[in-house]
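Q: I would like to learn how to read a sheet and a helix in a model. Can we work through them in turn?

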Amino acid sequence: MAASLPQFDEPSPERQIFVNRALRMESIRHVGFDLDWTLADYQRLPLERLTFELAVERLIQDKGYPETVRSCRFRPDFPRRGLLIDKESGTVLRMNRHRFVNLAYRGRQRLDRHQLKKLYRYEPIQPASERFYHVDSLFELPETNLYAELIELTKEDQEPRLPSPRTIFDDLRQTIDWIHAKGTLKQRVVADLPRYLRRDPELGLALARLALGGRRLFLLTNSDWSYAEAISSYLLDGLLPGLDSWQEFFDLIIVSASKPEFFRGSGPFRELENNGDVVAEVATPNWYQTYQGGCLDGLMKLIDGPGESVLYVGDHIYGDIVSSKLESTWRTALIVHELEEEIRKRGDLASRLDEGIALRHRLAQLGHEMDHLRDLITVTESSPNPTGSTDTTRLEPLQDRLEVVTSQLHQILEHEARWSEKLDTSFHSYWGSFFKQGTSKTRFASQLEAYACLYTSRVSNFAYYGSHRYFRVPWDPMMHELDLAHDSDT
Ligand SMILES: [Mg+2]
């Protein structure tokens, strides 16, 4: 791959690559890429609207749902990645890394704390169980939107009645799968690529810089050949001088990979001609060929080196990142499109975030003083003076102080609750910050930390870093390493 590469300054904060686990690019000899939502950045609104409308139509035509399903509202601001769908109770919810659910909607209605407690506090929650569905891909946002709308419809007294929340979920999942697999959605996307895809002029540079020094790039996607060919051609053809075809960016192309099965299975690689016809079946692929299917073992025989010489870049926390991490020693980078908006908002809200830290420290101080006063009062009450009565001269000042502290605490608690609600809606009108749930990390954020070595908002951000970057972790503190003696008398 030959191209003249312009120099870049350090990227803006929202375009940076963030590091969970140190990674020296010099030791990476192969970089693999997922396609959909990784190299291919879709235009969210038109794609979601199309998926939503196709699904509504299919539910009526194929699943026999009533015409009232057409009244479901397209609400693209409602769904978000990282949420869970509770198929049993028909809710969409957010969960933190301790499996604590503090926000859920049934249809369009937000559950109050009594409803949340009843549903999610009495039994331990098993997020990996069949009861929950994880919204891990941006492709799944329109169905999360439609699921909530269908649940909303179940509240209406109409005939025929909609089925149970679980059946609605299964019907919708099959419907969405059909739309993706049978090509309705893909046909519409391919017929109008500029409407549905965002062409990133810096993407070619990023790939070219990553390929410097003889590093090999490969494509590993679940999309089939004709779709992958159409969208890759639109995204990459002619993006760099001297590179006319998208295929020249890659040393190996694997389509219809069936991730996450690819990482566990033992399927053969079916060699494809440029028209998509299968011409051979092999256990180990060769460089500069295109294959369908395959498996990790076969690919590693070709790579003939340690798994840690491979960096895989994908957007699906489970299908791309967790699976490859569990089944191999590949290094991983997660594409998190939501990062840019989150970082911009954090910048805008910096002073309010500082206020929150101060409030929580003050709450902790008052809470500890209240606990201590209660102890002193209990000791005083249970230690009568020599006459056998309670020592009121010692007791009364303690009770007075307890009253003052309790009142202050309640005032600050109310203030903190208002602050927290306002901050949440500043991040997102339904779900708050993408990465934080109160003081804790969201479940998505904790998975990202555990499994993704790097994370960034788009692949083209690699253009700013070049091919020799040592991605370092400056500090990975535990709570006991932080300075918690924060002055919070505010
Ligand atoms: Mg993807």
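Q: In what order do the 5 strands of the open sheet lie, and how do they pair?
A: Strands of a sheet pair through backbone hydrogen bonds, in a parallel or an antiparallel way. In this predicted model, the order is 8-7-6-5-9 and the pairing is antiparallel. Strand 8 (109-110) and strand 9 (132-134) are the edge strands, each pairing on one side only.

Q: How many bridges join strand 5 to strand 9?
A: Strand 5 (residues 84-86) and strand 9 run antiparallel and are joined by 3 bridges.

Q: Why is helix 7 described as largely enclosed by the rest of the structure?
A: A residue is buried if 20 or more other C-beta atoms lie within 10 Å of its own. In helix 7 (residues 203-210), 8 of the 8 residues are buried, so the helix is largely enclosed. Among them are Leu203, Gly204 and Arg209.

Q: Against what do the buried residues of helix 7 pack?
A: They pack against strand 3 (30-33), strand 11 (216-220) and helix 8 (225-236).

Q: What percentage of the protein's residues count as buried?
A: Of its 490 residues, 36% count as buried. The protein has 15 helices and 21 strands.

Key:
Residues are numbered from 1 along each chain as its sequence is written. This is a predicted model: local features need pLDDT of at least 70, side-chain atom pairs count only at pLDDT 80 or more; totals for chains, interfaces and linings use all residues. Helices (H or I, at least four residues) and strands (E, at least two) are DSSP runs, numbered from the N terminus. A residue is buried if 20 or more other C-beta atoms lie within 10 Å of its own, exposed if 12 or fewer, and partly exposed in between; C-beta atoms are placed from the backbone. Two residues are in contact if their C-beta atoms, placed from the backbone, lie within 7 Å. Two strands pair if DSSP finds at least two bridges between them.
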